[in-house]
Amino acid sequence: MVYERYAIYYVPRLESDLGQFGNAWLGYDPVSGKDIPRPTVQGMTSQEIVSITQGAGRYAFHGTLRSPFKLRKNRSLSSLDKSLKSFTAKVHPIICGPLSIRSIGRFLALVPDDPENQIPGLAEKCMRAFDNFRLAPGKQELDRRRQAGLTDIQEQLLLRWGYPFVMEEFRFHLTLSDKLEGMDLIRYQALLEKHCNSLCKEPFVIDEIALFGDPGQGGKFEEISRYKLSAAN
């Protein structure tokens, strides 16, 4: 299948506790491409969960390492796959954490405690290693990004890397909601903190990354391949 865009994500395995929660929370299995039932969360209805995850659900449960990009005409999915295999063979797994439920602006996310900034380092490596696969964004896409109100630094990053929230502006997170109003943000954060208590006690490990594809036309992102971080000690 040919995808409109590609992205490099951290995605927990489907069978893991984190994967089972995150995929059910967003109601989507990115491997099968099928919708799945929402979880039972005390204090919330399924309809509420659906209503606050409409946008987030399109991208699947993930943490972005290389934001979505279109392939250059002289590049292919097979060459990207080959490059990812070579890249991940030279990268060590990351252990940090634990996770916590945090508000980032007006949305909620799971964010790991990463005092040594290992994940931003991995994201920067991904940006640099795969930048030559990226088709430069056109004026329409640049203008759309600018509607968020960018700082001077973010504008420079947008022009250099095609996305404003990278490098020093990068903040790793696993998105849980769309934008929320003040009281809803506080309420849902408290409910999710209680529900995710056990998930937020364990170390957070990135030992694989995944290539995802955007089918276009508003379709949900799909998992294409996974790659183990397998650098020798």
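Tutor: Two strands pair if DSSP finds at least two bridges between them. Keep that in mind for this one, which is a predicted model.

Student: OK, so what makes β10 and β11 a pair?

Tutor: Strand β11 (residues 222–228) and β10 share six bridges, and the cut-off is at least two, so they count as paired. The sense is antiparallel. In β11, R226 is the bridge partner of A210.

Student: What about β1, and which residue there stands opposite A210?

Tutor: Strand β1 (residues 5–10) runs antiparallel to β10, with five bridges joining them. The residue opposite A210 is Y9.

Student: Why is β10 called largely enclosed?

Tutor: Buried means under 20% relative accessible area. Seven of the seven residues of β10 (residues 208–214) are buried, so the strand is largely enclosed by the rest of the structure.

Student: How do you know that both faces of β10 are covered?

Tutor: Go side by side: E208, A210, F212 and D214 lie on one side, I209, L211 and G213 on the other, and all are buried.

Student: Now the cavities. How many are there of 30 Å³ or more?

Tutor: One. The largest cavity has a volume of about 90 Å³.

Student: What lines the largest cavity, by class?

Tutor: Five nonpolar, one polar and five charged residues. Among the lining residues are R5, K70, E141, W161 and G162. Gly counts as polar, so G162 goes in that class.

Student: Which elements each supply at least two residues of that lining?

Tutor: β4 (63–69) and α5 (139–146) do. For instance, the lining includes P68 and F69, as well as E141 and R145.

Key. Residues are numbered from 1 along each chain as its sequence is written. This is a predicted model: local features need pLDDT of at least 70, side-chain atom pairs count only at pLDDT 80 or more; totals for chains, interfaces and linings use all residues. Side-chain values use heavy atoms; hydrogens and water are left out. On a 1 Å grid over the protein atoms alone, a cavity is a set of points where a 1.4 Å probe fits but cannot get out, and a pocket is an open set with protein on both sides within 12 Å along at least five of seven lines; lining residues have an atom within 4 Å of a point. Grid points are joined across faces, edges and corners, and a volume is the space filled by probe spheres set on the points. Helices (H or I, at least four residues) and strands (E, at least two) are DSSP runs, numbered from the N terminus. Buried means under 20% relative accessible area, exposed over 50%, partly exposed in between (1.4 Å probe, protein chains only).
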